[in-house]
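Try each one before reading its solution.

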Amino acid sequence: MTNIEQHDGTTRDELVQRVALMEAMIAEGRQSTARYGWMFVLWGLTYFAAIAWTVYLPYTEWAWPVCIAACSAVFGIVRSRQPRVGGKIDNLRRHSLDAVWQVIGGGIILYLLAVIASGHGKEPGYLAAVLFFNGLANGVSARILRWWPQGVAAAIWWGCGTAMLFFTTRTEELALFLTATFCGMIVFGLYAMWLERGAAAGTVQAHA
Amino acid sequence: MADFEREDGVTREELVQRVELMERLIAEGRQTTVRFGWIFLLWGLIDLVGVGWDELQPDFRWVWPITLSAGFVLQFIILALRRKGGYRCGGSMRGRSVAAVWRMMGLTVLLYVVAAIVQHKAGQISYIAAILMFVGMAHAISAVILRWWAQGLVAGVWLAGGIATFFVPRSYVLGVFIAEMCLGMVLFGLYAMWLERRNRSGIKGE
């Protein structure tokens, strides 16, 4: 039973090795997302700051552009100072995840800028769309990594986005947006950071 | 030059093997997209039928629910027939990632469209633009994963259409939507099907 030839000439040992490699790559991908848990927290806080500005401060049309620009600057600085993890981390799954987040992140910024520049910021459809964009990014990542906590985050984004098309007063919209941001971004980011800390502690213990 | 050891112990032959493996995986991923070119064609035509019917009977509220349901039924039937004929989705990691992107995009658009239709908000500019952006993002992610410039071009067309929707006069929005369906769905679907036919005839020729 240990090393029989399969129909296509693949031995059992080779299949076991392939499965082990796939599991290792999935774990690397999750680890990579956990490493970037701080980004979820940072963007979640940015969303909160932008909403707070639109509610309490003047020049509300500048809230999103300024907050996104400031967040992008902080993001760039922190990422450039973060030590690179070499070797196997640059795998195919990681490449796919980078593609998902870079494209959807860029798309959200493009969409928001177009909404603001064209004066369509009063339509409820645009805030719902932003929630759906975030749900899409989390949903694709969860599917690629086969990671149910991120699937829950995606469901929260989609659920709040759907609800936003039904509850359309300004207060309800804000409550839904802030709920989605808090649960789907900040709480998920903190969870990812906690996972990373656990993994780092495990690595330190293993080295000791 | 043929087999010298590098500083990190990786030989030239190993590097060549890795590059070949990566190129093969990318080709497999593209092959998966090409095999499903008919889905782009199908949904392009379904959406065009929906737009046409909506123009003819603007007061009939069941246009889009009926059209979209018919699209799903047709897709399900064609998929089942192709599976019987021996077609399988590519099992490579890139293929699975691309499949994940399109499945999640489909789910997202479905939720968004159903909620907007139920609440009669489907006429908002930001809603129409968001649908074009969803599809554009899915194409862009696939293009980056597969390093496929043709799909990147299609993504650009979708994203540009989504942005243009905000700025063109209201009467032109339908024209933008139809142009997107023709260029980004029907034409890309036909291109993918042509690629698939060429690949299959190449395999038979070998």
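**Exercise 1. Work out what share of chain A is buried, and how its fold is laid out.**

Step 1: buried residues make up 33% of the 208 residues in chain A. Here "buried" means 20 or more other C-beta atoms within 10 Å of the residue's own, "exposed" means 12 or fewer, and "partly exposed" is in between, with C-beta atoms placed from the backbone.

Before going on, a word on the ground rules: this is a predicted model, where local features need pLDDT of at least 70, side-chain atom pairs count only at pLDDT 80 or more, and totals for chains, interfaces and linings use all residues. Residues are numbered from 1 along each chain as its sequence is written, while chains are lettered from A and ligands numbered from 1 in the order in which they are written.

Step 2: count the elements, and chain A gives seven helices and zero strands. Helices are DSSP runs of H or I with at least four residues, strands are E runs of at least two, and both are numbered from the N terminus.

Step 3: for contacts in chain A between residues at least 6 apart in sequence, 71% join residues at least 24 apart. A contact needs C-beta atoms, placed from the backbone, within 7 Å.

**Exercise 2. Check the span of helix H6 of chain A and list its buried residues.**

Step 1: H6(A) covers residues 148–164, 17 residues in total, and runs 24 Å from first C-alpha to last. That's close to the expected 24 Å, taken as 1.5 Å times one less than the number of residues.

Step 2: the buried set in H6(A) includes A:Trp157, A:Trp158, A:Cys160 and A:Gly161.

**Exercise 3. Describe the side of chain B that touches chain A.**

Step 1: 33 residues of chain B contact 31 residues of chain A.

Step 2: helices H4 (93–118), H5 (125–146) and H6 (149–167) of chain B each give two or more residues to that side, and H4(B) gives the most, 14.

Step 3: sorted by class, it has 25 nonpolar, five polar and three charged residues. Ala, Val, Leu, Ile, Met, Phe, Trp, Tyr, Cys and Pro count as nonpolar, Asp, Glu, Lys and Arg as charged, and the others, Gly among them, as polar.

**Exercise 4. Explain why B:Ala129 counts as buried.**

Step 1: find B:Ala129 in helix H5 of chain B.

Step 2: B:Ala129 is buried because 28 other C-beta atoms lie within 10 Å.

Step 3: beyond four places in sequence, B:Ala129 touches B:Gly162, B:Thr165 and B:Phe166.

Definitions and conventions: Contact = placed C-beta atoms within 7 Å.
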